[in-house]
Structure formats: structure tokens, C-alpha cells
Amino acid sequence: MNIEFIKAKNQEDSFKINSVFYHSSYTPSKEAQRFTEGLDFPFAPKILLVIEPGLSYVKTFLKEKFPKAKICALRFIKELKNNGNWDLELDATEPSKIKNIFSNFTEEELLNTQIVTWPAAQNIFSKEIKEVWSSYKEAFEYSKTVLITRQYFEKKWLINSVNFFKNLNKITLLNKVNVPVVITASGPSLKNAIKIIKNNQHKIIVVALSSSLSVLLKNDIIPDLCLTTDGGFWALKHLKKLHKYSTIPVAMSSEAVLYKDLYDKNPIIPLDYKDGLSAKLFSYTGLSSQKAERNGTVSGTALELFLNYTDKIYFCGLDLATSKGYSHTQPNELEIENSCFDNRLSTKEKRISGGFNAALSLKIYEDWFKRKKLNKKVFRVIENKEIKNELGDIKDIEPSLFEKNLSKQTKEKSLITGEEKVLSSEEKKSICKKMLQFIDEKSGTDEWKNQLFPMDYILKDHAKNTEEKTLLEKKIKEKNDRIIEKIKALLDAE
């Protein structure tokens with residue numbers, strides 16, 4: 001591609017690509033103004049993305065017409081990167097970069113995005129533009145799924161958070177350690193590492209993701225802590241065994257679910273995502289917490305968390321792939337419960353083969369691990385013959401090498417958790433009082449309602465007329481009133 005920078009007839013800067021003007025050869029700024037005047041969208045965008053706008057004349061006019069939108073440029077031409085004071089410039093100068101360009105936006109932003117293409121780009125970059133639209137469609141559908149899921153679960157997560165702060169009893173935080181941390185997930189490959197973990201437990205910190213807890217305990221491995229971030233009722237099943245192990249600390253987000261009696265027995269490591277309503281509850285109550293990163297999978301949250309507390313991490317059971325047999329190492333609490341319903345018409349084989357439906361989610365998680373840049377040593381213990389996928393900077397090693405590496409460890413493990421703080425009855429009453437104050441102050445705000453009802457808010461923003469918008473606002477208010485009533489009943493209950 002041959003680029004020649006020249007002057008237009010009115011002496012404004014311009015350029016040619018392969019001898020063809022990219023902007024008007026007379027007045028580029030007037031052309032940009034007319035282009036903007038011709039734009040008409042069914043709703044006011046929060047993100048307005050312009051595909052290769054050239055010398056950025058159009059940016060000023062777009063900002064005037066859409067003052068509340070974030071105006072972004074998508075660049076195919078290397079020589080024009082950083083040209084113009086855009087709110088955001090996305091680099092698509094290499095084909096491999098197009099796939100992930102929409103990861104720069106939140107789900108709400110993507111569902112409120114409009115994309116326009118500068119006219120001259122249509123012919124020159126037709127192939128790349130098709131890839132951009134394909135990438136956008138994929139990101140849009142994923143974002144819609146995420147927001148529908150959030151709309152369904154946000155209310156449950158808020159109730160979980162209220163119960164979390166109300167029931168907290170023993171709090172502890174993490175210490176840095178100078179030995180490896182072994183994080184166990186529940187993929188089938190975990191079985192090949194069990195014996196090695198058991199023989200070396202005195203030299204390593206063992207972190208059980210909740211679904212792998214029953215496997216470790218069945219093999220007489222008591223983990224140094226259990227980590228859970230799942231707010232769904234089914235997640236409780238994985239934590240049943242903790243009733244017999246009150247010494248195991250539980251690292252959990254406030255949105256996760258936990259048996260009420262375990263708050264009294266087990267030390268809790270509160271994980272604060274630093275976003276959403278749960279983060280504000282941490283701030284209001286003043287409780288100590290551990291910063292954590294929100295992630296689609298608990299494995300991702302665990303990785304982000306322990307990168308700050310050790311120099312070497314091993315994952316066991318992190319398959320992120322479907323299996324022809326069980327999708328989890330046995331025993332698995334959900335498998336034990338579901339097996340009770342197997343019969344001649346609804347067989348076990350039919351049930352476990354349903355794991356193939358999880359392939360899309362697993363691919364999303366796999367892609368996240370691939371994109372994660374690591375400056376510390378992170379390994380996945382897995383037989384090469386078992387699985388084909390790769391996880392970017394996470395290096396795959398055979399169980400035999402895992403065992404060899406641990407055999408070289410000479411230091412005994414230190415405590416991963418610090419001193420426990422037991423909350424007094426007065427402190428607990430104060431926490432409930434502060435939560436009620438928080439509800440009274442925040443529950444009527446747009447920020448609160450948008451958090452709980454994200455899809456309803458997007459529909460409201462896209463409303464075609466005032467009547468439709470008013471009906472949606474009424475619907476949101478009714479839903480919000482019900483959730484507030486429920487929360488206050490929880491906090492007022494003795």
C-alpha cells in the first residue's frame with residue numbers, strides 16, 4: 001500500500017493511497033462535516049466507532065453532534081496511528097489484532113455502540129472491514145448473553161452480599177509465601193496429580209477451587225484454603241464437606257454463596273472486586289478485604305489473586321476442554337447428586353455427554369488465559385496426550401516433571417493466612433446498620449438500578465418514544481422496590 005501525503009485545493013492536509021485521494025481533493029473538512037450530518041441512529045450511542053477515518057477531520061464534527069458519546073477510531077493505516085485527539089484509538093493494523101479489539105469495551109458499551117465506516121475505507125479495506133463486523137457480532141452476542149445473565153443473577157448476588165456482611169464472624173487475610181502455590185481445579189487431569197500433591201503437601205500451599213474440594217478430601221489432602229466465587233445455589237453442593245473441616249479458610253467474594261453455619265466455623269478471606277454494589281458495601285462497612293479480579297471463571301480469579309502472593313503457581317485439573325466421559329474428576333458433589341436421577345430412559349451416559357454443550361464457555365475461558373501476560377512462573381500440570389489446547393504464557397508440564405520440581409523444594413511451607421479477627425456482636429450490629437444506611441442512600445439512584453437491571457436500562461435507552469420509556473421506568477421501579485423490601489427484611493430479622 002503506497003501512501004502519499006499531499007495538500008488539498010484549500011491547502012488542508014490530505015493523502016492518497018495508491019494514487020487515489022482518501023479525502024476530498026478540494027475541502028476535506030467540508031466532506032467530514034457532510035458525512036456527520038448524514039448520520040442518523042435509532043438511539044444515542046455511548047460508543048461511536050469510526051472505521052479508519054483517515055486524518056481525523058470528522059472527529060470534531062462527531063463530538064459536536066454526539067457530545068455524550070465516546071468517539072473512537074479504528075486504525076488500519078500504521079502511518080496514521082495517534083492522529084487526532086480521539087477518545088480512544090484501536091489498533092487493527094495487523095489482522096491478528098482485529099479479533100480482540102472489542103475487548104476494550106464493557107458489555108453495556110457494546111450494546112450501545114454504533115459503527116460507521118469512512119467512505120474511502122470501504123473499497124481499500126473491504127476484507128478487514130468484514131472481519132471487524134464479524135468480530136463485533138461475536139462480541140455483541142457474548143455481551144448480550146452476559147447482561148442477560150447479570151440481569152438474572154445480580155439480585156441474587158446482592159442478596160448473597162447482604163447475607164455475607166450480616167453473617168461474617170471470623171476474618172483473615174493472605175500472607176505472601178516463599179513456596180509454590182498449587183491451585184486445584186476439577187478437570188479430569190487432576191487425578192494424575194493427586195498422589196504428587198499428597199506426598200509434597202508439607203512443601204506447598206494447596207488452594208482448592210470449590211469443585212475440587214471433595215476430590216482432595218477424599219484423598220486425605222486437607223487444602224490450605226478453599227476458594228469460591230460462584231453465587232448460584234448449586235455451588236453450595238461443592239462446599240458440603242466443609243461442615244467437617246472448620247479449620248479450612250474460605251476465600252470468597254461477597255457475591256458467592258455459603259452455608260450460614262460455615263460463617264461461624266470457618267475463617268473467611270473476603271474478596272473485594274472493587275466494582276459494583278458489593279465493593280460499595282465493603283467501603284460502607286469498613287471491613288478488611290483482599291483485592292480480587294472479577295473473572296468469568298474461578299480459575300481466572302485464583303490466578304490473578306495468587307500472582308500477588310507467590311512467585312510460582314501450578315494449576316492441576318485446569319483442562320478447559322470437554323471430555324467424552326466425566327467432565328470432572330470424581331468424586332464430584334454435583335455428579336453424586338445428579339446420579340440419583342439416572343434411569344433406563346435418562347441414562348448416566350446421556351447425562352455426562354451433555355458436557356459438550358459447555359464447549360463455548362470453555363473456549364472463552366481458554367482465550368482469556370491465552371491473552372493473559374505473565375511475568376511470573378505459572379505452570380499447568382497435564383499429560384500432553386490428554387489435551388491439545390494451550391494457555392499462552394502458562395507452560396504445560398507433565399506430572400513427572402511436576403513431581404521432580406517439587407522434590408527440589410527444600411523450604412517448609414509457611415502460613416498463607418494471617419491472624420484471625422472475630423467480630424463482636426456490637427460490630428455485627430454496626431455492619432447491619434451501615435448496610436441499611438447504604439440501602440436508604442443508594443437504592444433510588446440510577447447507578448444502583450442500572451447495576452441490578454442492566455438489560456432493562458439498555459431497553460430504556462433504546463426506547464422509541466416517551467411512552468415506551470415511561471413504561472420501562474415503571475417496570476424497573478417495581479422490581480427495585482421488591483428487592484429493597486426483601487433486603488430490609490433480611491437486615492431487620494434477628
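Guide: Let's start with Cys226, which has a relative accessible area of 0% and is buried. Keep in mind that this is a predicted model.

Visitor: What about a charged residue? Is Arg150 buried or exposed?

Guide: Arg150 sits in helix 6, residues 126-167. Its relative accessibility is 13%, and the cut-off for buried is under 20%, so Arg150 counts as buried.

Visitor: Which residues is Arg150 in contact with?

Guide: Leaving out neighbours within four places in sequence, Arg150 is in contact with Glu107, Glu108, Trp157, Asn450, Gln451 and Pro454.

Visitor: What makes strand 10 largely enclosed?

Guide: Strand 10 covers residues 205-209, and five of its five residues are buried, so the rest of the structure largely encloses it. Ile205, Val207 and Leu209 point one way, Val206 and Ala208 point the other way, and all are buried.

Visitor: How is strand 10 joined to strand 9?

Guide: Four bridges join strand 9, residues 181-184, to strand 10, and the two run parallel. In one of those bridges, Val181 has Ile205 of strand 10 as its partner. Two strands count as paired with at least two bridges, so four is enough.

Visitor: Why are strand 6 and strand 7 called edge strands?

Guide: Look at the open sheet of four strands, whose order is 6-5-4-7, with parallel pairing. Strand 6 (88-91) and strand 7 (113-117) each pair on one side only. On average, neighbouring strands of this sheet are turned by 25 degrees against each other, direction ignored.

Visitor: How do you know that strand 4 and strand 5 pair?

Guide: Strand 4 (residues 47-51) and strand 5 (residues 70-75) share five bridges in the parallel sense. The rule asks for at least two, so they qualify. Leu48 stands opposite Ile71 in strand 5.

Visitor: Now the helices. How do helix 1 and helix 2 pack?

Guide: Helix 1 (residues 28-37) and helix 2 (residues 57-65) pack at an angle of about 35 degrees, with their axes 8 Å apart. Helix 1 contributes Pro28, Ser29, Ala32, Gln33, Phe35, Thr36 and Glu37 to the contact, while helix 2 brings Tyr57, Val58, Phe61, Leu62 and Lys65. Sorted by kind, the residues of this contact are seven nonpolar, three polar and two charged. The crossing is right-handed.

Visitor: What covers the buried residues of helix 2?

Guide: Tyr57, Val58, Lys59, Phe61 and Leu62 are buried in helix 2. Their cover includes strand 2 (13-17), helix 1, strand 4 and strand 5.

Visitor: And stepping back, how many helices and strands are there?

Guide: The protein chain has 20 helices and 18 strands. Of its 494 residues, 51% count as buried. Along the principal axes, its C-alpha trace spans about 80 × 55 × 55 Å.

Note on methods: Residues are numbered from 1 along each chain as its sequence is written. This is a predicted model: local features need pLDDT of at least 70, side-chain atom pairs count only at pLDDT 80 or more; totals for chains, interfaces and linings use all residues. Side-chain values use heavy atoms; hydrogens and water are left out. Axes are lines fitted to C-alpha atoms, for helices over the stretch in contact, and angles run from 0 to 180 degrees between N-to-C directions. A crossing is left-handed if the near helix is turned anticlockwise from the far one by less than a right angle, and right-handed if clockwise. Contact means heavy atoms within 4.5 Å. Ala, Val, Leu, Ile, Met, Phe, Trp, Tyr, Cys and Pro count as nonpolar, Asp, Glu, Lys and Arg as charged, and the others, Gly among them, as polar. Buried means under 20% relative accessible area, exposed over 50%, partly exposed in between (1.4 Å probe, protein chains only).
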